[in-house]
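Colleague: I have a model to look at with you. Can you tell me what lies behind each label?

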Amino acid sequence: MNIYVPLILVGVMLVITLILIGISYLLGGGGEKIITINKHTKIPVTGEETLLNTLAQQKIFIPSACGGKATCGFCKCKVTEGGGERKAMEDPFLSEKEKADGVRLSCQVKVKDNISIEIPETMLYAKEYHTEVVNIEDLTYDIKLVQFKLKKPNTMSFKPGQYAQIKVPGIDIIRAYSIASNPSQTNQIEMIIRMVPKGQATGFVHNALEVGDKIIVTGPFGDFYLQENSNKDMICIAGGSGKAPIRSILAYLKDRGMPRKVKYFFGAKSLKDLYYTEEFLELSKEFPNFEYIPALSSPLPEDNWQGEVGLITDVVDRFTGDLTESEAYLCGSPGMIDACIRVLNKHKILKQNVFYDKFS
Ligand SMILES: Cc1cc2nc3c(=O)[nH]c(=O)nc-3n(C[C@H](O)[C@H](O)[C@H](O)COP(=O)(O)OP(=O)(O)OC[C@H]3O[C@@H](n4cnc5c(N)ncnc54)[C@H](O)[C@@H]3O)c2cc1C
Ligand code: FES
C-alpha cells in the first residue's frame, strides 16, 4: 500500500473535524453566549449545559429539589428570549398562564444561544455553602435534628420560614429542607428531617450521616416566610417535620417579644410523634400572646393524653373564629395543607393571607 494513504486519511479526518467544530460554533454550541438576567445582568458563558447547571457554574442557584430530573417543578424561570421549544415533560408543572408567559423548567432548557431570563431578585442572593455537621439529635423515632456549621461562606442571612437544599454526598441528589433555626444565628443552620421509607436523602441522613461530615448546602430559597411588616393575628398549622419553619418563625417573634397574637396547631398521631412540646409550652407561659395546641389523632391508651384529640382540621375548626383579619402559615404534607385551607376558608380567611410550604 502507498505509504501516503494513512497520512491522507488522517488529513481528511482532521479537515472533517474542523468543519464540524466550525458548524457547531456557528450554531452556538461551542461559542460564547450571553445569559441576560432580569434585563440588568449579562453573563457570558460557553458550553451547552442546561440553564440550571450553567447558572450554578456562575454561582447563581435556582431551587432544584429533584436535582434536574424534571420531577419537582422548583426550577421555574421566565424565558423571554431563546431557550428553544418547551418539552412535554415540563407541562405538568406549568399553568396555562405560565406557559403563555414563557415560564420554563430551567433544568430542561439548554443554553445553545443567547438567552434572556427573569427570576426573583432574591434568588440572586442564594449561595453554595460548605458546611460541617456539628450535631445530630433524635427528636422522635423517625425525626432528627441536624445542625450544620457554615464554613465557607460562614454566615447565611435568611428569612424565618425559608428553606435550603442539601446535596447528598456520593449520589449527589439534592433535597429541600426548611431552616428550623433562629435567623439571628447566622453561622449555623438547623434542619428537622423526617425519615421517609425508602427515601434516598432521608435514608442517608438517618443511617449514614455523622457529626464531622462535610455537606454542601445551597440557599436560602422560598417565598414561604413571615410577613415581617404585618401585625395581623397568626394561625400556624404544622404536622410532622412541618414544625421546622414555624420554629424559625417563632424564634424570630420571640426575640421581638412576641408582638403578634399566635395560635399554633400541631397535628400528630400519638404521643411518640410529638416533639419540642416543652419548648412551645414554655413559650406559651412566657408570652400570653402565644398559644400552643398540640392534637393527637390516635392517642394510645398508654399515652394518657389529656390534650386535644382529633384530626388537626377538626381541632383548628373548633378553636377558630372569624379569620378575616388573620394570616395563616401552614407546613406539612400537601394533603394536610389542602384540607386545612378548606377549614380556614370556612372561617373567612383571605386568600392573600394564606402562606404555605408543601413538603412534597
Ligand atoms: C420546600 C420544601 C421544604 C421541605 N422541608 C422539609 C423539612 O423541613 N423536613 C423534612 O423532613 N422534609 C422536608 N421536605 C421534604 C424533602 O425535601 C424530601 O422530599 C423528603 O425528605 C424525602 O426525600 P428522600 O430523598 O428521602 O425521598 P425520595 O427518595 O425522594 O422518595 C422516596 C419515596 O418516598 C416518597 N416521598 C417523598 N417525600 C415524601 C414525604 N415527605 N412523605 C411521604 N412520602 C414521600 C416519594 O414519592 C418516593 O416514592 C421539604 C420539601 C420541600 C419541597
Ligand atoms: S430541578 Fe426539579 S424540575 Fe427542574
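Predicted model: local features only at pLDDT ≥ 70, side-chain atom pairs only at ≥ 80, totals over all residues.

Colleague: How many helices and strands does the protein chain have, and what makes a stretch count as a helix or a strand?

Modeller: The protein chain has eight helices and 17 strands. Residues are numbered from 1 along each chain as its sequence is written, and side-chain values use heavy atoms, with hydrogens and water left out.

Colleague: Why is α8 called a helix?

Modeller: Helix α8 covers residues 334-346, which is 13 residues. The rule asks for a DSSP run of at least four, so α8 qualifies. From first C-alpha to last, α8 reaches 19 Å, close to the 18 Å expected at 1.5 Å a residue. That expected span is 1.5 Å times one less than the number of residues.

Colleague: Which residues of α8 are buried, and what covers them?

Modeller: M336, I337, A339, C340, I341, V343 and L344 are buried in α8. Buried means under 20% relative accessible area, with a 1.4 Å probe and protein chains only; exposed means over 50%, and partly exposed is in between. Their cover includes β12 (233-239), α7 (312-319), β16 (326-332) and β17 (354-358). K348 follows α8, and its phi is positive, near 70 degrees.

Colleague: What share of the whole chain is buried?

Modeller: Of its 360 residues, 48% count as buried.

Colleague: Where do the domains run, and how do you know their bounds?

Modeller: Domain 1 is 33-122, domain 2 is 126-221 and domain 3 is 233-358. The bounds come from an automatic or database domain assignment. The centres of domain 1 and domain 2, taken over C-alpha atoms, are separated by 26 Å. Their contact (heavy atoms within 4.5 Å) takes eleven residues from domain 1 and eleven residues from domain 2.

Colleague: What makes up the lining of the second largest pocket, by class?

Modeller: That lining has 13 nonpolar, seven polar and five charged residues. Ala, Val, Leu, Ile, Met, Phe, Trp, Tyr, Cys and Pro count as nonpolar, Asp, Glu, Lys and Arg as charged, and the others, Gly among them, as polar.

Technical notes
Chains lettered and ligands numbered in written order. Helix = DSSP H or I, 4+ residues; strand = E, 2+ residues; numbered from the N terminus.
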